[in-house]
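Subject: Handover of a structure, with findings

Dear colleague,

Please find below the structure that I am handing over to you.

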Amino acid sequence: MGQSGLVRTLTPAAARRIALAAQGLARPRPEREPTTRDLQRVVDTVGLIQIDSVNVLARSHYLPFFSRVGPYDTALLDRMRDRAPRRLVEYWAHEASLLPPSTWPLMEHPRMRRAREESWGGMQAVSRDQPDVVSAVLAEVRAGRPRTAREIEAALGHERTGDKEHWGWNWSQVKHALEHLFWAGKISSAGRTSQFERRYATLERVVPPAHAPLWLDPAARPAADEAYTELVRISARATGVATEADLADYFRLKRVHVRPAIERLVAAGELEPVDVRGWAEPAWLHAEARRPRAVQARALLSPFDSLVWCRPRVERIFDFHYRIEIYTPAEQRVHGYYVLPFLLGDELVGRVDLKADRTGGALLARQISWEPGRGGADDRRELAEEMGQMATWLGLGEVVGA
């Protein structure tokens, strides 16, 4: 704010650089082999990491770290999630996500208390119509070590029924009950198997000791206003400059809860109303947001990276129309199956449909699409170098189709 009280105006280019800095993409990658501390810095910067089961290239939660720190040992990230004291836990945040243990109790009001009304239909049905199944499943989780849904089904003498659908298998009632309990915050995940199956466990087995009071006693968790304010605070720090819709999308909150949280943060001096030229909605700038004069980034971004998961924001900031085409019939795809935006400098300059051919030992660039005016020799060289680093990181010998 100036002395006149007028709202500060940002250019689109300034807003773009602020957004990149807030996501840790304006920071140079380590020149040494990345450590757990580097991965923790990424977590602290972005606030949460989305999970997805698609493995055509690599599990998506590994990719945001590669984009920000370069080639790293993924076993470090696995240990942060799977071994005590855990630095990351799994819960429904943006979508299925990895988040710091301190954030988990904040989801009490937005998600856990709404499990019976706002979760998926099968979860709602089993909690409403078959409480005995839910009770039996909870007792089984409490009785043993962390186990997958298949292992718990077997322990309860349950046989899965139903044919496979086009995207996966029909969930059993036990699986529905497990997911309801997970959504409701009654149980947690002790990590994933190599087949990406969640290992369900009691809260006591998962929570780091420092966070146990808030995890184990729902009455001790933050009140609704405090929780929403903290979630918007995390979102505002991770976005740098954002509209109300952007802030709501980060943790998939309802705007009716986000609006008063913004007002509280403005009153506290943590957010400043700003006008970004060309943006149709008001925006807010985080008080600690970096405002770099230039950004020299280079990264291939997962379709589920927090920089690009909000497609309207991507279009507004980068003038880049991006849609995931995994579920689009092959003949209707424009850019390919598993398409990663390519960030160069402070712009999204192209897209690459990538596949890890593990049998053939190659990273396949099945389609490369450049934005208008891009794709010259320098752009192609930078992309080739980035894909080469990714291939080495994935243990693949060469890049084919670059």
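Two residues are said to be in contact when heavy atoms of theirs lie within 4.5 Å. With that in mind, please note that this is a predicted model, and that every value below is computed from it.

**A residue to begin with**

A58 sits in the loop that runs between strand 2 (49–50) and helix 3 (63–69). Which residues does A58 touch, leaving aside its neighbours within four places in sequence? The contacts are L63, Y338, R358 and L394. A58 counts as buried because its relative accessible area is 6%, and the cut-off for that class is under 20%. Between the C-alpha atoms of A58 and D217 there is a separation of 37 Å, the two residues being 159 apart along the chain.

**The chain as a whole**

The chain contains 16 helices and 14 strands. Along the principal axes, its C-alpha atoms fill a box of roughly 60 × 60 × 40 Å. Does the radius of gyration point to a compact globule or to something else, and what is the value for the chain? A compact globule of 402 residues would have a radius of gyration near 21 Å, and the chain has 22 Å, so the two agree.

Of the 402 residues, 54% count as buried. The accessible surface of the chain comes to about 18,100 Å², and carbon and sulfur atoms account for 48% of that surface. When contacts between residues at least 6 apart in sequence are considered, 63% of them join residues at least 24 apart. As for charge, the chain carries 57 positive and 53 negative charges, and the mean positions of these two sets are 2 Å apart.

**Backbone features**

The peptide bond that joins A84 and P85 is cis, with omega at about -10 degrees. P85 belongs to the loop between helix 4 (74–82) and strand 3 (89–92).

F196 is not a glycine, yet its phi is positive, at about 75 degrees. This residue is in the loop between strand 5 (187–192) and strand 6 (198–202). Is F196 buried or exposed? F196 counts as buried, because its relative accessibility is 11%.

R252 likewise is a residue other than glycine with a positive phi, here near 55 degrees. R252 lies in the loop between helix 13 (244–250) and helix 14 (255–267). With a relative accessibility of 35%, R252 is therefore classed as partly exposed.

**Salt bridges**

Side chains of opposite charge can pair when their charged atoms come close. How many salt bridges does the count come to? The count is 35.

One of them links the side chains of E151 and R145, with an N to O distance of 3.6 Å. E151 has a relative accessible area of 32% and is therefore partly exposed. R145, at 49% relative accessibility, also counts as partly exposed.

R255 takes part in two of the salt bridges described here. In the pair with E244, the closest N and O atoms are 2.7 Å apart. That pair links distant parts of the chain, with R255 in helix 14 and E244 in helix 13, 11 residues apart. The relative accessible area of R255 is 35%, so this residue is partly exposed, whereas E244 counts as buried because its relative accessibility is 8%.

The other partner of R255 is E281, and here the closest N and O atoms are 3.5 Å apart. This pair, too, links distant parts of the chain: E281 is in the loop between strand 8 (271–276) and strand 9 (283–286), while R255 is in helix 14, 26 residues away. E281 is partly exposed, with a relative accessible area of 36%. Elsewhere, salt bridges that share partners join R29, R298, E382, E385 and E386 into one network.

Yours sincerely

Notes. Residues are numbered from 1 along each chain as its sequence is written. This is a predicted model: local features need pLDDT of at least 70, side-chain atom pairs count only at pLDDT 80 or more; totals for chains, interfaces and linings use all residues. Side-chain values use heavy atoms; hydrogens and water are left out. Helices (H or I, at least four residues) and strands (E, at least two) are DSSP runs, numbered from the N terminus. The radius of gyration is taken over C-alpha atoms; the globule rule is 2.2 Å times the number of residues to the power 0.38. Buried means under 20% relative accessible area, exposed over 50%, partly exposed in between (1.4 Å probe, protein chains only). Accessible areas come from the Shrake-Rupley method with a 1.4 Å probe; for residues, only the protein chains shown count as cover. Lys and Arg count as positive and Asp and Glu as negative; His and the chain ends are not counted. The place of a charge is taken as NZ of Lys, CZ of Arg, CG of Asp or CD of Glu. A salt bridge is a side-chain nitrogen of Lys or Arg within 4 Å of a carboxyl oxygen of Asp or Glu.
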